[in-house]
Amino acid sequence: MYHRKQSRRASRRLALSASAALTIAGTALLSTAAVAADTPKTIEFIPSSNATPYFLQEYEGVKKAAAKYGYRTIFQAPSVSVHVSKQIGMVYTAVTRHVDGIILVPYSPTALLPPVKKAMAANIPVIATDSTLTPMKAVSFTGVPNEKAAAAVARFAANAVHGKGEYAIIDYNLSTTSGRARKKGFKEEMAKHPGMKFAGIQISHSLPEKAMKEATTMLERNPNINVIFGANDRSALGVAQAVKRMHLENKVTVVGFDADLGEIDYIKSGVIKASVLQSPITMGETAVDMLHQVFTGKKADVPKYKPLPYHLVTSKNYSSPESVKAIQQYIKDYKN
Amino acid sequence: MTAQQVTNPAHSDMAEGRAGSPAASSHDAAPRRRSMQAMIFQLLNSSLVAAALIALFVTFTIISPFFLTESNMLTLLNSIAVIAVLSIGQTFVIVTAGIDLSQGSVVGLSGIIGAQVMTATGSITLGVIAAIAAGVVVGLFNGVLTAFTRVPAFIATLGTLSIAGGAALLLTGGQPIYQLPAAFNDFGTAAIGILPYIMIVSIVLAVIAQVVLSRTRFGRSVFAIGSNPRAALLSGLPVRLNTVIVFVISGALSAVGGVLLTAYVNSALPTAGANYELDSIAAVVIGGGSLFGGQGAVWASILGVLLLGVLSNGAELVGVSSYAQTVILGCVVIVAVFIDSFRKRAAI
C-alpha cells in the first residue's frame, strides 16, 4: 500500500519535472525561432570549433561584409573541434534549411566532402576558408598559404641565429590540414640551411601549459636548441613562458604563428622574436564577397583559390602601422 | 566491487524492511517483486521519455518547416547511429552498477587500428575484425580489473580512457588516416530511404542486445549483479565472469561504433570519439538506467539517444546558438537524473 502511494506521488512529480524540462527547452528554442523565415539572403558560417578566438574574428569579418550587402548570417560550430561528425551534420542541416550560402572551415579535407557536394548539388554555394578540401569541390578556397607563411618565419629564425644550431617545433595538432602544413613549411625552409639541425617535435593540443611543459623538457634535455617554433598562438605562448622561466630569452629564438594579447606582450618584451599573422577578418569578408558575386550571377569571376596576405610581426617592427593593422585582425580594439 | 555496489545491498534490504512485508525475508518472492517494481518504473520513465520525444517532434515540426523532411531525418539518424551503438554497451555496464568511461577512446583507437589494417591489407573484413579485436582487448582489461581486483569500474575505465586515447595517438603520431577503401566509405554514407546503413547496424545490434538482456539467463544475472552483487554471488551466479563479459560487450560495441564513425567520416582520426562516453552515459540515464545498478533497458537507452539527437538537431535547425544548445542538453540530463532520484526515493 505504502509502495503504491509513494510511486503514484513519484510519478506525479516525474511528470511535473519532465514538463518543466520541456518548457525550458521550448522557450529557449522559441525565443530564437523567430529568425527562421525571412526574405534577405542567409549565409551560414560553420567553423570547426565554436570557441577559437581566430574563428570568432573570422565571423566578425563575415558579419561586417554581410551587413554591407544586407545579408543575414548564422553561426554554427561544434563545441569540441574533434567532433568532425558534428560538423558534417551541421552542413547537412544547413542544406536542409535552404540557406543561401555556406562559409566553411573544414576540419578535415576529406570528411566534409559528401556534405559539401550535397550543398553544391542543391545550388547552395560553399566557400572553404582557412583549410581546404581535397579534391576542392567548393566554389572557392581562401586562406593564408600556411606552408609559405611558416617558411617565412623559419627563414627569419634561421637568419636570427646565423644559420647555425638546432630547432624544435611545438605543433598544436597534426590532424588538421593547417597543423601539418605549418610543420612541413617550417621544416622544408630549415632544410635549406645546412647548419640547422632538427631536434624534435611535440604536440600541445593548443594548451599553453602543455606547450610550456614540452618546451621545458626539450630545452633541459638538449641545451643545443636555439630555435623553437610554436605553430599557433597557444603553442607559442607556452614556449615563450618556458623560455622566460628558464631565463633563456637571449639564447633561444622563439617564433610563433597567429597572435593574441599574451603573445603580443611577449613580442614587445622580446621573448618571442617574430610571429606570422594571418588576417581572419579579411578572410571572412573575402568569403562573403565571393558569395555576393555568386548571388549576383558573377560566379565565373570567382577564383578557385584566393591566397590571403600574411604579415611577419617582429620584436623590432611591432609598432609600425602595418603591424598594428595586422594585430587588429586578431584583437579588435588593439592600440599600440 | 565498487562503492556503489557495496551500498546497494543495504539499500534494498531497507526497501524490504520498510515495506514491512513478510515476503521480505523470503529469497523467492523478493527478487521477483523487486524486478516487477523495477519494470513498472522502467515503463513509467520510458513512457515519459517517449512522451517528451513526441512533444519535441511536434514542437519542432511546427516551428521549422524543415524538421520533418526526408533529408533532415537522414541527417538526424546519421548523427545518432554511433552514440546508439555505444549506449547499448553502456546499458549493460550500468545495469551491473558499473560505468564505462573508456568508450570514446575505444572508438578512436579501434577506428585507427581498423583503418591501418584496411590500408595495409586492402581488406575491409580484416580491418573490421582488427578493430573489434582492439575493443575486446580493452573491454577484457576493464572487466578483469573490475571483477578480480578492488579497482572500481570508474577508475579502471578512467585509466583505459587515457591509455586507449594515448595509444591511438601513438600509433599514428597524431595524424589522421585517409585513403580508406572506397566501398567502406560508400557503406558509411549509403542509406535506404531515411535509414542510413550505419543506423541499420545500430538497430540490429540493439534488438539483439535487448533480447539478450531481457530474455536470457545471462541477462537476468546482469540485473542480479547490479541489484545485489552479494546475493548474486551467494546464489551461485558467475558474478566475476559475467562482469568481465559485460565490459567485453561494451568494448566490442564501442569498436563497432569506431568502425561506423570511420566509415561515415571517411577518415580515421585518433581523437575521433572524444567525449562520446558522456553522451552514451547521458542517454542510458535519460532512458531510466540507474547508476546504482539493477535498472535499465536497451530500447529505453535508444530512446534516450533519440531524445538527445532530436533536441540537438532541432535546435540547430531553428537556429539556436551552439552555445545555448550545450546548456539545454545539460539541463535535460540533469532533469533525467532528477527523475531518477525520485524513482530511487519511491523505491525506499
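This is a predicted model: local features need pLDDT of at least 70, side-chain atom pairs count only at pLDDT 80 or more; totals for chains, interfaces and linings use all residues.
**View 1. T142(A) in β5(A) has T129(A) as its bridge partner.** β4(A) and β5(A) run parallel to each other, and three bridges pair them. β5(A) is also joined to β11(A), residues 305–307, again in the parallel sense and again through three bridges. Look for G143(A) here: its bridge partner in β11(A) is P307(A).

**View 2. The side chains of β5(A) go two ways, and where do S140(A), F141(A), T142(A) and G143(A) point?** S140(A) and T142(A) share one direction, while F141(A) and G143(A) take the other. All of these residues are buried. As a rule, side chains in a regular strand alternate between the two faces of the sheet.

**View 3. A cis peptide bond links T134(A) to P135(A).** Omega for this bond is near -5°. Most peptide bonds, by contrast, are trans.

**View 4. N226(A) sits in strand β8 of chain A, residues 225–230.** Is this asparagine buried or exposed? N226(A) counts as buried because its relative accessibility is 12%, under the 20% cut-off. Setting aside sequence neighbours within four places, its contacts include V161(A), K164(A), G165(A) and E166(A). M196(A) is in contact with N226(A) too, as are K251(A), V252(A) and T253(A).

**View 5. H247(A) has a positive phi, near 55°, without being a glycine.** You'll find H247(A) in the loop between α8 (233–245) and β9 (253–257) of chain A. H247(A) is exposed because its relative accessibility is 65%, over the 50% cut-off. For background, most residues other than glycine have a negative phi.

**View 6. Over in chain B, N275(B) has a positive phi as well, near 70°.** N275(B) is another residue other than glycine, and its place is the loop between α11 (239–265) and α12 (276–286) of chain B. How accessible is N275(B)? At 32% relative accessibility, N275(B) counts as partly exposed.

**View 7. V49(B) and L307(B) are 258 residues apart in sequence, with their C-alpha atoms 7.5 Å apart in space.** V49(B) is part of helix α2 of chain B, residues 29–63. With a relative accessible area of 8%, V49(B) is buried. Beyond neighbours within four places in sequence, V49(B) is in contact with I286(B), L303(B), G304(B) and L307(B).

**View 8. A nonpolar patch lies on the surface of chain B.** Its members are F187(B), I192(B), L195(B), Y197(B), I203(B), V207(B) and V211(B), and together they have about 560 Å² of accessible area. Which helix gives the largest share of the patch? That's α8 of chain B, residues 197–215, with four residues. I203(B) is located in α8 and is partly exposed, at 37% relative accessible area.

**View 9. Stepping back, chain A contains 11 helices and 12 strands.** Of its 336 residues, 58% are buried. Among contacts in chain A with a separation of 6 or more, 72% come from residues 24 or more positions apart. The chain exposes about 14,000 Å², and 55% of that comes from carbon and sulfur atoms.

Key
Residues are numbered from 1 along each chain as its sequence is written. Chains are lettered from A and ligands numbered from 1 in the order in which they are written. Side-chain values use heavy atoms; hydrogens and water are left out. Buried means under 20% relative accessible area, exposed over 50%, partly exposed in between (1.4 Å probe, protein chains only). Contact means heavy atoms within 4.5 Å. Accessible areas come from the Shrake-Rupley method with a 1.4 Å probe; for residues, only the protein chains shown count as cover. Patches are made of residues with over 30% relative accessible area and no salt bridge: like charges are joined within 9 Å, nonpolar side chains (Val, Leu, Ile, Met, Phe, Trp, Tyr) within 5 Å. A salt bridge is a side-chain nitrogen of Lys or Arg within 4 Å of a carboxyl oxygen of Asp or Glu. Two strands pair if DSSP finds at least two bridges between them.
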